Amino acid sequence: MDRRQFIRKAGLVSTGAAASVGTLAMPAIAQSMPEIKWRLASSFPKSTDAIFGSSELFAKTVSEATDGKFQIQVFPAGELVPPLQVLDAVQNDTVEITHTASYYFIGKDLTFAIATSLPFGLNTRQQQAWILQGGGLELFNDFLANYNAVMLLGGNTGTQMGGWFRNEINSVADLKGLKFRVGGVGGKVLSALGVVPQQIPAPDIYPALEKGTIDATEWVGPYDDERLGLYQVAKYYYYPSFWEGSSALQYMINKKKWDELPQAYKAVLKAAAALANDDMTAAYDARNFAALKRLVAQGVQLRPFSREILDAAYDAAFKLYEDEAAKNPAFKKIYEPWKQFRAESYQWFRVAEYNFDSYVYSQQAAGK
């Protein structure tokens, strides 16, 4: 796709302006724009190619749409900045942009989690709808102004798996004292059930599980988990990850740098982020089932979390949210409209989406 096609398809030029664009000639416009070079510090390693690759697609699209005038160099986790310090790097202008998951920063404020995922929150489509059409983006950019940052959606893994366990987990009692590599708000919820959450970066997960330093771990889903080789040291694979019914990622941009951009470049960044956002979700939806079949062929045992565990975790999660809203005005400001959107969205999905899915699955299960 050439740059003019991209700009038209991405909606950067309105239909009414199409004739004038053709008259002005895009290369002439590009020549009048400034040359800009940014560095993007990712929170993700290259091995998570569906995630890291989406930020490379983002940067490539920005370059092609501007005839190379706007260059973004993408660095994997740890190469420029430690993966959990990328927001600090954006905030203090060490780098201009990061690709990350906002819930990595709940140590600063639990409010950060809502943009990525809250346990028992929204599914992928609902999360995207809330952010893009339900007021979530505006609320979060108002919140992020306190951190000198601006947010664009940066992809979604879809509903994740519940993780790898050395032993079967059938009840809440089985969770007591379990050393589980799980982060974010999921760790806070599970700790209320007796789990001992562990924070371990991706490269260290396999050896920790192999040596018994931890009893269980979660990562993403079949495609990424297979690449880490976790099935070689733990055979019980649980679903679903109730703490990540979706996992929305973000591009966070230094606000001062964003405000300095020409409007055309802002539009290009928005369109490139939208393309990368859709591409990542499609990549996981396309790749996960084939990976799951390979894992089962290796002897992996699929297990659902019991209703007892889900019910206990659900109650613990919403107690945590209500307690946080009572003491944290920033959390309450976003949580209350999020909660209302969640209630309404699930009512709508129950009418059409879930009934359609349930019927089609029943027909497939019957061999039709």
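Reply: The answers below set each value against its definition. The model is predicted, so local features need pLDDT of at least 70, side-chain atom pairs count only at pLDDT 80 or more, and totals for chains, interfaces and linings use all residues. Residues are numbered from 1 along each chain as its sequence is written, and side-chain values use heavy atoms, with hydrogens and water left out.

Me: Why is glutamine 160 called buried?

Reply: Buried means under 20% relative accessible area, exposed over 50%, and partly exposed in between (1.4 Å probe, protein chains only). Glutamine 160 has 4% relative accessibility and therefore counts as buried. This residue lies in the loop between strand S4 (149-156) and strand S5 (163-165); strands (E, at least two residues) and helices (H or I, at least four) are DSSP runs, numbered from the N terminus.

Me: What makes glutamate 244 buried or exposed?

Reply: Its relative accessibility is 2%, so glutamate 244 counts as buried. Glutamate 244 sits in the loop between strand S9 (236-239) and strand S10 (248-254).

Me: Which residues does glutamate 244 contact, leaving aside its neighbours within four places in sequence?

Reply: Contact means heavy atoms within 4.5 Å. By that criterion, the partners of glutamate 244, leaving aside neighbours within four places in sequence, are Tyr103, Ser117, Gly158, Thr159, Gln160 and Glu218. Glutamine 160, not counting residues up to four places away in sequence, touches Glu244 and Glu218, among others.

Me: Where does UniProt place the feature "binding site"?

Reply: The unreviewed UniProt entry places this feature at Gln160, Arg181, Glu218 and Glu244. UniProt positions are given in the numbering used here, feature names are shortened, and annotations may be inferred rather than shown by experiment.

Me: Why are these residues said to gather at one spot?

Reply: They span 85 residues in sequence, yet no two of their C-alpha atoms are more than 14.5 Å apart, so they gather at one spot.

Me: How do you know what radius of gyration a compact globule would have?

Reply: The globule rule is 2.2 Å times the number of residues to the power 0.38, and the radius is taken over C-alpha atoms. With 368 residues, the rule gives a value near 21 Å; the protein has 22 Å, which agrees with a compact globule.
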